[in-house]
Amino acid sequence: MRLPASELRKDRVAAVVIRTGGVSVILIVLAMILVIAGQAIPLFRQTAVGELHRVAAERAWAVGSGTRPSTVWWLDRDGVLAAAVDGSEYRVADLAGGAGVLDADAEIGGVVSVLLGDGRAVIGRVRTLHRNRGPVPAESIEWRESAVLPEVAEGADEPRGITAVADAERILAARWDRAGVELQEFSGGRPIGSERRIALTDPVAVALSARGDHVAVASGSGELTILDWVELKSAEVAQLGDRVASLRFLEGGRSLVAAGRDRSLTVMMATPKAAVVNRSGRTLAASGSEIADGARVVLPATAEVIGLAEIAGVEVRRVDPIWRPIHELPPTRAQVTAISAGRGSRSFAVGDADGRVSVYNATSARLLDRTKWIDGAVEAVGFAPRGNGLVAAGSSGVHRRDLRSAHPEISLSTLFLPVWYEGFAEPRSMWQTSGGSDEFQPKFGLGPLIVGTLKATVYSMLVSVPLALLAALYVSQLAPRWLQVVVKPTVEMMAAVPTVVVGFLAALWLAPRLQLWLFPTLLVVLALPFGAVAARMLWLALPAALRRRFPPGVELVMVVAGGGAVVAVVVAASGPLELWFFDGDFQHALFDLFGIRYEQRNALIVGIALGFAVIPVIFTIAEDACSGVSSSLVQAARALGATRWQAAVRLVVPAARPGLFAAVMLGLGRAVGETMIVLMAAGNTPILDLLPFNGMRTMSAAMAFEIPEAAVGGTLFRVLFLTGFLLFVFS
């Protein structure tokens, strides 16, 4: 029968609409993925420098930049501080006053220290002033003298160098000669206390940490000494050999760049140590070392070592750290002549004797850029405060370049592999994006988030998949009609429960009760399958004639009754068993015997709550797949003598396998992307382990928790978009 032309037109229109809708959905999803990936791609862009601009013809001792890279200041050989703003040069101050300049140094934050020819030292700040003139804010450079070191005593050695650092309230200065280093602290322009002197042989380079708590000295023989500023006590240093020629602390003061005579560059860090005193009555093992009973051992302060403090009879106490090499960076092409530390990251610039400036990042241990600047040696180098420019000086004058390095600390290794961060005794994969000070070192390791996502997914699937698939098979093939009518709508309605309600109940109601009943719960989980199997075997042991007298579905009552009996017996016996085997405290025994710490919000809570949310998805699709198997096949199997269970397992399950697989995959995608349950019930702690008793942070929870605080275009902002892209990949 030929269809009318109007019906054919309707069919063609419907086909076009359906195709258009389907293709549009696919394109929209692809566009979303591309947009998310596009926001993450700038994380991996290479560092680039702009064109070279000559600012001044004078040779300079110290250089720096204002807020804008086009604002440059420098201190020339006669002690004149000058500046160039938007191409206009002007004189700021005359620091030498005709005395001549022996040495000068510019530290982080525009602190300039000048060693004059008569032995005096002038220390101050170079500040950038902002004035609103027209549509573009104008800048200017101001010098503010903060402290003066007097002339050296008559007959004393001639000073060799000067360096200083400052914070909001004080200035710390170090001046050195052949016999040692002289230290002085100032506040409000006045010295605090008397000068202190460190007797060291032939110091050639001195560096002060930004917080003023450490002094690093390199001797003429290449030996490195690091001292505490307050007590002048030498710290333990893993020596680099006869190599150290120049030094610079990075922002924060817990990382030190040591340049060697062999053109090497080494990043050193203060790695913590701990003294462990074992009085527990048994031998302990931590960080690959054994600690005998009664022994005192000094070990790296790893998380494993610090955790020993919770064992009865074990005392763990922090001791002085050791400064040790952490990263060996790509060497320079020639001898290092200048080092400058950047602000806001652990980046630093190095000038060498061949006129090149190299930019490194200590966190990612990468050479970001190396560019030829001038002919001859680079005598001074400085960062712009925002890290968007560089200034360098040599025999041909003062030059500047724009610097494009938005995310220097990000690389594939820092995102996915352990990184040695400041204040830690070992490399770790960590997620910690904010801290209490500007010196904080952000940690963008995605390992804890990926592991947390997989952990939440695995435990939720362990709960949901067996229950949902078995329930779907039972309801579709074995349950009586009246039970199907009740169970299927009830399970499907579970999907309507808001996940925020599920997370709320899991965090505030379930978590404390599970902690209180942890040992009985674990026993029930282990014993319940055996009880169900025993009840099923008991049912099959009954005579067939007797079983046929009962209506269909009674076997479920037997299984439920058997499970209930097992639960009752286990709960009644759990108290005496816990008292007998674990002295009444199973959680404490977990830590003493296995080092496992129980947290109230953990993977078990997430598995139960998230499993509850995933069960309706898997059950609905799996039940439809099982019900879709032809009833004639099932009836034929029954006619050949198969039991209902045999027909369901050996016929229905293989026939419905594609649908069952689709149900599990959709449930998996639902679990991977869940946010509110894991945000509320997982403890929100980015811990890298798979234990069920610890908390976690998933990728979706990290995005929901931190995206409101992420600055648009910043590193955290783009890392979170990368996390979202990985979620798409996982799903």
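**View 1. Glu-379 and its salt-bridge partner Arg-77.** Glu-379 is partly exposed, its relative accessible area being 24% (buried is under 20%, exposed over 50%, and partly exposed in between, with a 1.4 Å probe and protein chains only). The model is predicted, so that local features need pLDDT of at least 70 and side-chain atom pairs count only at pLDDT 80 or more, while totals for chains, interfaces and linings use all residues. Residues are numbered from 1 along each chain as its sequence is written, and side-chain values use heavy atoms, with hydrogens and water left out. Arg-77 is also partly exposed, at 30% relative accessible area. The side chains of Arg-77 and Glu-379 form a salt bridge with an N to O distance of 2.2 Å (a side-chain nitrogen of Lys or Arg within 4 Å of a carboxyl oxygen of Asp or Glu). This pair links distant parts of the chain, 302 residues apart: Arg-77 is in the loop between β4 (71-76) and β5 (80-85), and Glu-379 is in strand β30 (residues 378-383). Strands are DSSP runs of E with at least two residues, numbered from the N terminus.

**View 2. Salt bridge between Arg-197 and Asp-177.** Arg-197 is partly exposed at 44% relative accessible area, whereas Asp-177 is buried at 8%. Their side chains meet at 2.6 Å, N to O. Arg-197 belongs to strand β14 (residues 190-199) and Asp-177 to strand β12 (residues 171-177), so the contact ties together parts 20 residues apart in sequence.

**View 3. Salt bridge between Arg-279 and Glu-315.** The N to O distance in this pair is 3.7 Å. Arg-279 sits in the loop between β21 (265-278) and β22 (284-286), and Glu-315 in strand β25 (residues 314-329), so parts 36 residues apart in sequence are tied together. Arg-279 is exposed, with a relative accessible area of 57%, and Glu-315 is partly exposed at 37%.

**View 4. Open sheet of 4 strands, in the order β26-β27-β28-β29.** The pairing is antiparallel; two strands pair if DSSP finds at least two bridges between them. β26 (336-341) and β29 (366-372) are the edge strands, each pairing on one side only. From one strand to the next the twist averages 20 degrees (axes are lines fitted to C-alpha atoms, and angles run from 0 to 180 degrees between N-to-C directions).

**View 5. Antiparallel strands β27 and β28.** Strand β27 (residues 347-352) is joined to strand β28 (residues 356-361) by 5 bridges. Ala-349 stands opposite Val-359 in β28.
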